[in-house]
Each structure stands twice: as C-alpha cells, then as structure tokens.
Amino acid sequence: MGSTPSRNDSPPWTRTVMFSQKYYTDGLKTLSKGFAKINNNTIVRTRTGNAISDGAKWSRPFRRGKHVFEIVFPRQMRGKHASVGIGLKKAALVSDSNKTLVGSDEHSWGVDLVTKEVCHNKRKIGKFPGLWTSFPDRFYMYIDMDVGSLLFGQEDRFFGSALTDEHLIGSVVYPMVSATQTGAAVTVVYRGKGKHIEGPIRKKRK
C-alpha cells in the first residue's frame with residue numbers, strides 16, 4: 001500500500017501563487033436559471049427538484065498561465081452529481097437530466113465530485129484512483145493552461161492530475177461548477193496565478 005500523497009507532491013507552482021488586484025471584481029457570472037447569485041463568489045441552486053443539472057461559469061476566461069481556485073462545495077449538498085472543471089464559451093450551462101454537467105459535451109472538461117469520474121465529450125475518460133475518500137468540503141482546483149492540465153488538492157494533500165489534453169493549449173476556458181440538489185451553495189474564489197520557479201522554493205530571509 002502506497003503512502004498518502006502530501007502537499008509537497010504537488011507541482012511547485014501551486015505553492016507560489018501571486019494575486020493581482022485586477023481580479024477583485026471577478027466571480028461566478030454566467031449562471032443557468034436554476035442558480036441565484038449571493039455575491040460575486042457564491043451561488044445557490046434555487047431550482048426545485050433534482051431532475052435538472054444547473055451550471056455556472058467564471059467571469060474571466062483563461063488562455064495562458066497557471067491558476068489556482070479555491071472551491072467550497074459541502075458534501076451534503078452534492079446529491080447524486082456535482083461537478084467542477086473548465087469549459088469553453090459554448091459549454092452547456094444546463095441539462096435536462098441529473099448528470100455530470102461539466103464534461104458532458106465537447107466544450108467542457110470536468111470531474112464529478114461524487115463519483116470522482118473525469119468526463120469530457122459525454123465520455124468518462126478517467127478516475128481519481130489516488131483519492132481514497134470523497135472530495136472534501138473545501139479544496140483547490142489548479143488549472144495549467146501551459147500544458148492543458150486540470151489538477152486538484154487541498155492544504156496538506158495533493159490529489160493528482162485529473163486530465164491533460166493538448167487540445168486545451170491555446171484554448172480560452174472558463175472555470176465551471178454544476179449542481180443538482182436544491183439549496184446547494186457553491187463558493188469559488190480565485191487565489192491567483194502560479195509562478196514557475198526553477199530549483200527549490202526558499203523563504204526570503206528578513
């Protein structure tokens with residue numbers, strides 16, 4: 001049995017995040033009708049019933065660089081399917097069935113937080129074998145547009161890479177979330193851009 005992945009197993013750039021003030025006004029902007037906006041970063045699913053999957057997209061797209069998002073999505077609010085990931089401008093924001101919305105078409109790539117399946121273009125393309133338990137209530141999503149990768153982790157543990165798709169390189173993508181349960185509240189916060197550093201990371205001496 002292998003050891004549990006630690007935070008140090010994550011790519012170094014995930015630990016060298018820089019935030020810019022120009023991102024203060026960003027947030028979850030494009031919502032399906034099943035979501036209501038609480039503030040820039042938090043939305044709640046107001047649609048009654050769980051027969052429809054509702055989605056939301058971040059306000060600012062990304063084409064280059066490495067980016068870190070903090071996501072709070074309580075496990076008791078996920079129902080049968082809840083997903084996070086990235087999508088193009090054309091990615092679907094609603095589905096007339098209870099399913100993994102992010103990754104349900106050719107325009108999005110996502111991970112189901114309940115089943116841990118990685119999805120793209122209506123297909124299951126992988127799973128998180130290294131994640132022994134479910135995604136925690138709060139976790140990080142790392143987007144590396146330089147190589148077309150989507151990764152996940154938390155403060156003290158790296159979950160691994162969900163996918164790498166060379167077709168994502170040069171694409172313009174939006175972070176996305178989806179929910180199927182009534183009352184599900186989701187918070188997404190942009191933590192900043194990761195900086196690639198050669199060699200070991202050292203703290204500055206005072």
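Student: Is Ser-149 buried or exposed?
Tutor: Ser-149 counts as buried, because its relative accessibility is 7%. Buried means under 20% relative accessible area, exposed means over 50%, and partly exposed is in between (1.4 Å probe, protein chains only). Keep in mind that this is a predicted model, where local features need pLDDT of at least 70, side-chain atom pairs count only at pLDDT 80 or more, and totals for chains, interfaces and linings use all residues. Residues are numbered from 1 along each chain as its sequence is written, and side-chain values use heavy atoms, with hydrogens and water left out.

Student: OK, and where does Ser-149 lie?
Tutor: In strand β13, residues 149–154. Strands here are DSSP runs (E, at least two residues), as helices are (H or I, at least four), numbered from the N terminus.

Student: What does the Ser-149 side chain make a polar contact with?
Tutor: The side chain of Thr-164, at 2.6 Å. A polar contact is a pair of N or O atoms within 3.5 Å; within protein, one must be able to donate a hydrogen and the other to accept it, and residues adjacent in sequence count only if both atoms are side-chain atoms. Not counting residues up to four places away in sequence, Ser-149 also touches Tyr-142, Ile-143, Asp-144 and Leu-163, where contact means heavy atoms within 4.5 Å.

Student: Which residue forms a salt bridge with Lys-66?
Tutor: Asp-146, with the closest N and O atoms 3.5 Å apart. That pair links distant parts of the chain: Asp-146 is in the loop between β12 (138–144) and β13, and Lys-66 is in strand β6, 80 residues apart. A salt bridge is a side-chain nitrogen of Lys or Arg within 4 Å of a carboxyl oxygen of Asp or Glu. Asp-146 is partly exposed, with a relative accessible area of 42%.

Student: How many salt bridges does a search of the whole structure find?
Tutor: Ten. One of them is Arg-45 with Asp-54, with the closest N and O atoms 2.9 Å apart. Arg-45 is buried at 1% relative accessible area, and Asp-54 is buried at 0%.

Student: Which residues do shared partners join into one network?
Tutor: Start with Glu-155 and Arg-138, a salt bridge whose closest N and O atoms are 3.9 Å apart. Glu-155 sits in the loop between β13 and β14 (157–164), while Arg-138 is in strand β12, 17 residues apart. Salt bridges that share partners join Glu-70, Arg-138, Glu-155 and Arg-191 into one network.

Student: Switching to the greasy part: which residues in the largest nonpolar core touch the most other members?
Tutor: Of its 37 residues, those are Phe-73, Val-84, Phe-128, Phe-135, Phe-139, Phe-152 and Val-188. Apart from that core lies another, of six residues, including Trp-13 and Tyr-142. A nonpolar core is a set of buried Ala, Val, Leu, Ile, Met, Phe, Trp, Tyr and Cys residues joined through side-chain atoms within 4.5 Å.

Student: Last one: where is Gly-87 found?
Tutor: In strand β7, residues 83–87. Gly-87 counts as buried, at 0% relative accessibility. Among the residues it touches, leaving out those up to four places away in sequence, are His-107, Val-172 and Tyr-174.
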